[in-house]
Amino acid sequence: MKHTILARRTAAVTLSLGLALACAGATALATEAQTRNPVQQRLDNLVREDKFPAALATVDGRNLVAGQARKDDRVRIGSNTKAFVAVAVLQLVGEGKIELDKPIEKYLPGLVRGKGIDGNTITVRQLLQHTAGLPNYTRYLGIEGFQAMRDRYVSPRETLDAALEHPADFAPGTDFSYSNTGYTLAGLLIQKVTGRPVAEVVTERVIKPAGLRDTYWPNVGERDIRGKHAKGYNLADSRDPKSPVVDATRQDTGWGWAAGEIVGTPSDLNRFYTALLDGKLLGQAELAQMKRTVPAKGMPAGATYGLGLMRVDLSCGKVLWGHGGDIPGYETRGGVTEDGRKVAVAVTALPGTFGNAEAAHQRVLDLVDAAACGKR
C-alpha cells in the first residue's frame, strides 16, 4: 500500500514537472516568436526607447500591441478624417452634385473672403488638395495650450473665421501648404449640398459601407472615447517642453471637425483604405481623381498628395496609399500598398511628448515602411 501511494505521488510530481516544463517551453517559444516578429519588435522599441505609453499596429489582419493598451483599441485618428470627408465629396461629384473644378463660391456664396482670399478663385479640388492657399486655422486657435483648450468647444465657423482673419499663403493653385481650413470648407460644402450634417453623411456614405465596426464621428460636445480605447497623453502646453504630461484621452475635438475629429481603430483604418482602393466606395473616375497627386512640400520624403489621400514611395519600391493623423494624445500612420499589404500604426502620444520629436516620429514612419515592405 505504501509503495502504491509513493508511486502515485511520484507520478503526480513527474506529471506536474512535465506540465511546468511544457508551459515554460511554450512561453519561451512564444517569446522567441514575438522577438522574431519585426513589427512587434519595433512596437516594443517605440515604448522602450521613445517612451510612448503604448504602440498599436494592425498588419494584414494581425493585431499587435506594446505598452499600456489592448490590441486594436480605439484611438483618435486625427487627419485620417480628411480621407473620409474627401470620399464623401467625390461621391457627390460622381452623382453630379459637385464639380471639382468649379469655385467654392458656387456652393458657399460670399463665405470665403479675406486678404488675398476670394471664393471665386478657389476650386473644390484645391480645397481637398491643399493648394488653395488658405491659412491653416490651427495656427491661430491656441490648441498648443492643451490643458487650457481641452474642454473648450470651437465651432467650424469659428475655425474658419480664425483662418480668414489672416492673408492668403499664396495664390490658389500656385503652391502646396497643408491647411485644415480647406476641410472645414469641405465639411460645409457637404452639408450645403446634402442638407444633412457632415457627420451623418460620412457615417452613412463611408463608414457603414466600408464595414467599419469601431469607427465613429463624435457628437457635438462629446469628450470621452466610447468603448474599448487606449489612453492618450499630451504636454499640458506643447509650447513648453518642460510642462507636465497629462492624460489627454478626454477632450473636446470639435475644433478638428471635418479635418480631424473621427475616432477609430488600426484594423478599421486598414478596412477603410482597402475598401477605398478596391473601388467599393468610389467610381473608377472619382478614385482616379483622388489619386492624382501633387508634390507635397513639408510632407515626408517620397510623399505626394491627392484629394485627401497620400501616396508614399516606400524603401522597397512599393507604393503606399493612405493618410495619417496627429491630434493631442495620438498619432496614426499607415495605408495599403498597391499589392494589397495593409498597415496601420498608432501611438498614444504625439512624438516629442516624452523625448525627441523628430527621431520618434521617424521611427513610427520606419515601422510603417518595414511592415508595408514585409521586412524582417
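Colleague: How many cavities of 30 Å³ or more does a search of the whole structure find?
Modeller: This is a predicted model, where local features need pLDDT of at least 70, side-chain atom pairs count only at pLDDT 80 or more, and totals for chains, interfaces and linings use all residues. A cavity is a set of points on a 1 Å grid over the protein atoms alone, where a 1.4 Å probe fits but cannot get out. At 30 Å³ or more, the search of the whole structure gives three.

Colleague: Which residues line the largest cavity?
Modeller: The largest cavity has a volume of about 40 Å³. Lining residues have an atom within 4 Å of a point. The lining divides into five nonpolar, one polar and two charged residues. They are I143, F146, M149, R150, Q251, D252, W255 and P328.

Colleague: Which residue does a disulfide join to C316?
Modeller: A disulfide is a pair of cysteine sulfur atoms within 2.5 Å, and the count comes to one. Its S to S distance is 2.1 Å. The partner of C316 is C373.

Colleague: Where in the chain does C373 lie?
Modeller: The pair links distant parts of the chain, 57 residues apart. C316 is in the loop between β11 (310–313) and β12 (319–327). C373 is in helix α12 (residues 357–373).

Colleague: Is C373 buried or exposed?
Modeller: Buried means under 20% relative accessible area, exposed over 50%, partly exposed in between (1.4 Å probe, protein chains only). C316 has 38%, so C316 is partly exposed. C373 has 15%, so C373 is buried.

Methods:
Residues numbered from 1 in each chain as written. Heavy atoms only, no water. 1 Å grid on protein atoms, 1.4 Å probe; cavity = no way out; pocket = protein on both sides within 12 Å on 5 of 7 lines; lining within 4 Å. Points joined across faces, edges and corners; volume = space filled by probe spheres on them. Nonpolar A, V, L, I, M, F, W, Y, C, P; charged D, E, K, R; others polar. Helix = DSSP H or I, 4+ residues; strand = E, 2+ residues; numbered from the N terminus.
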